[in-house]
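Biologist: Please walk me through this structure step by step, for I am new to the model.

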Amino acid sequence: MLYTSTRNNNVRVESASAIARGISADGGLYVSTEIPRISTEEFEAIAVMTYNERAAYVLSKFLTDFTAEELSKCVADAYTGKFGGENIAPIESVNNSKYVLELWHGPTCAFKDMALQLLPHLLKTSVRKISDGREIVILVATSGDTGKAALEGFKDVDGTKIIVFYPEDGVSNIQKLQMVTQEGGNVGVCAVKGNFDDCQTGVKKIFTDPAIAEVLSENNMAFSSANSINWGRLAPQIVYYISAYADMMNNGEIDYDGEKVNIVVPTGNFGNILAAYYAKLMGLPVGKLICASNENNVLTDFINTGVYDRNRAFRTTMSPSMDILISSNLERLLFHLSGGDSERVSRWMHELSTTGRYEVDDDVKQQLSEMFCADFCNDESTQAAIREEYQSDGYLIDTHTAVAFSVYDKYVAATGDAGTPAIIVSTASPYKFSESVLGAVSEEILADNEFDIINELSVVSGTPIPAPLLNLRGKEVRFGDVCTAKDMKAQVFKMLGVENNPKTRELVYANA
Ligand SMILES: *Cc1c(COP(=O)(O)O)cnc(C)c1O
C-alpha cells in the first residue's frame, strides 16, 4: 500500500514516511492510493476479536510496511490499561434505533485519545523504520483538547519529547489544569500571552525555521507533527467504526447479512467523519454519513450546495472543539471524490487560501449528496438536546454529542428514516463541559467553581465523575511558565536543554 499527495498524485511513499513527515512537501495531505476492502467473512472474524486485535487487523491493511508484531505492540502500548473499561469504545443502545458510540473513556475524556494514544507509537516506529533513530520533538499549539490528549499520548514514550503552547486566557480552567499538572519526564507546557492564532503562528515559524532545524539536528533531534492531518491520527479512527458494527452484530442488534447503519458525527476538522467514510469504502454497510455542525456551519453549506465559503463570522459556541471555519481533512475527501484529481484539489485549495471560497464541480456535488447529509444547530438547540435525551432516556451527553443528537432528529424529521439503526458518535464526557451540561438538566446552578459544578452534575444526574477529572483536584502544578509569542523559540530551546549552545544563543539574540 502506497501513499500519494492530495496536491500531487505522482508522489509515492510508504506509510512510515507519510506518518513521520505528517504533511507532503507540496502542502498536500497523504492519502492511500487504494482503499483496502473487508469481506463479509472478515467481518465475522473481526466480530470475535478484542478491540486491540481489531485495531491491529484494520491497521495492517493500511500500514503494510509495518510488521504484525510492530502493529500489535503499538496498539498494546497505546490502549492497554489506559481506558476505563474492557471495551475501550463501547456502544450503548439508548432507545429504538439510536446507538451511541462512546469515544471518551480515555485519559483525557475526549475522543482525541483514540488517535493520540496510538500516534506516538506509530510515529516512533515510523521514524525508526525510515532512518536514523533521532529523537522526535513534537510541537503543539492547542485551543484546549488536543494539547492535553497529545501530552498524555507522548508522556514517557522514549525517543520522543513534546512541547505544548496554549493561549493564556483562551482555554477553560479544567483544560488549563489538565495541562499544567501533566506528568511525564519528556513533556513541557507553556502559556502564551496571546490567542490561539498567535500560538499556532509561533509554532509554525519554529517548525519551518531551517536554523532551528539545524540546531536540533546537531543535537540528534528532529521535529515532527501530531496534528490532525497526520495519517497516523486518521487511521486509528477507522477502527472504532468497524468495531462498533461488529459489537452490534454480536449483540444481535443488526443482521449479519450486511444491514445498513447511518452514522452521525459531530464535526469540526472533518477527521472523525472522514474515518467513517473510509470505513464505508472498505465495505462497512453504511447508509448515510450525517455531518453535524454547530453555528460555524461552513460544512453544512458545503455538503448541501457544493460551495465552501469561510467568509463568515466566527462564532464562539458551547461546543468549542467544533468552532472551526477551515476543516483541513476535507481535502482528503475532495481528492477521493474527484477521482484522485490532484490538479483540481490544488486549485480549490489555492482558491480557499486566496479568496476563502471555492465551488466543486457537479460530479463531486452529486457524490456528496448521495453519501452525506448535513445540518447544524445553535447553542439553544444543543442544550435542548441534552435536556431531552436526559429526560427521555436518562442518558447524559456532552455539548458536542448533543449537536449530533439534534441534527439526527432533524434528519429523521426531514427524511422519515427512523428505521435505519443510527450510530451517534459521542466525542466527549459530559463532565468535560459540566457547566453547559448542568445548565441544561438543572433548574439552577448552585456551585460557583469548576470542581463544585462537576460534583453538582454528578449529584443531579446520579452518574460517576470520570477518574481523570476527579484526580485533577489538588494535583501539583508543574508548568507555570508564561511567555510572549516572540519568546516561544527561547522556550523551546530551554525545554529541550539546548539553551546554552552558542548557536542557540545567537538565534535567540537575533530574535530579541
Ligand atoms: C475535535 C473534536 C470534535 C471534532 O472532530 P473532527 O475530527 O475535528 O471533526 C468533536 N468533538 C470533540 C469533543 C472534539 O474534541
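Modeller: At 3% relative accessibility, His 400 counts as buried, where buried means under 20% relative accessible area, exposed over 50% and partly exposed in between (1.4 Å probe, protein chains only). This is a predicted model, in which local features need pLDDT of at least 70 and side-chain atom pairs count only at pLDDT 80 or more, whereas totals for chains, interfaces and linings use all residues. Residues are numbered from 1 along each chain as its sequence is written, and side-chain values use heavy atoms, with hydrogens and water left out.

Biologist: In which helix does His 400 lie, and with which side chain does the side chain of His 400 make a polar contact?

Modeller: The residue belongs to helix H18, residues 399-415, and helices (H or I, at least four residues) and strands (E, at least two) are DSSP runs numbered from the N terminus. A polar contact is a pair of N or O atoms within 3.5 Å; within protein, one must be able to donate a hydrogen and the other to accept it, and residues adjacent in sequence count only if both atoms are side-chain atoms. At 2.7 Å, the side chain of His 400 makes such a contact with the side chain of Asp 398.

Biologist: How far does the backbone nitrogen of Ser 321 lie from a polar atom of the side chain of His 400?

Modeller: Not counting residues up to four places away in sequence, His 400 touches Ser 321, and also Pro 266, Ser 319, Pro 320, Met 322, Thr 427 and Phe 433, contact meaning heavy atoms within 4.5 Å. Between the backbone nitrogen of Ser 321 and a polar side-chain atom of His 400, the distance is 3.1 Å.

Biologist: What separation do the C-alpha atoms of Pro 320 and Phe 433 have?

Modeller: Pro 320 sits in the loop between strand E12 (307-309) and helix H14 (330-337), and its relative accessible area of 38% makes Pro 320 partly exposed. Leaving aside neighbours within four places in sequence, Pro 320 is in contact with His 400 and Phe 433. Although Pro 320 and Phe 433 are 113 residues apart along the chain, their C-alpha atoms are separated by 9.7 Å.

Biologist: Which residues come nearest to the ligand, and how far from one of its oxygen atoms does a polar side-chain atom of Lys 112 lie?

Modeller: There are 15 residues around the ligand, and those that come nearest are Lys 112, Gly 268, Asn 269, Asn 272 and Thr 427; a residue counts as near if one of its heavy atoms lies within 4 Å. A polar side-chain atom of Ser 321 lies 3.4 Å from an oxygen atom of the ligand, and a backbone N or O atom of Asn 272 lies 2.9 Å from an oxygen atom of the ligand. For the polar side-chain atom of Lys 112, the distance to a ligand oxygen is 2.5 Å.

Biologist: Which residue of strand E15 stands opposite Val 264?

Modeller: Val 264 is one of the residues of strand E10 (residues 261-266), where 6 of 6 residues are buried. Two strands pair if DSSP finds at least two bridges between them; E10 pairs in the parallel sense with strand E11 (residues 286-293) over 5 bridges, and with E15 (residues 422-426), also in the parallel sense, over 3 bridges. The bridge partner of Val 264 in E11 is Ile 290, and opposite Val 264 in E15 stands Ile 424.

Biologist: How many residues has the largest nonpolar core?

Modeller: A nonpolar core is a set of buried Ala, Val, Leu, Ile, Met, Phe, Trp, Tyr and Cys residues joined through side-chain atoms within 4.5 Å. Ile 263 is among the residues with the most contacts inside the largest one, and the residues that Ile 263 touches include Tyr 241, Leu 289 and Val 425. The residue count of this largest core is 114.

Biologist: What phi does Asp 156 have?

Modeller: Most residues other than glycine have a negative phi. Asp 156 lies in the loop between helix H7 (145-154) and strand E7 (160-167), and at 51% relative accessibility Asp 156 counts as exposed. Although Asp 156 is not a glycine, its phi is positive, at about 55°.
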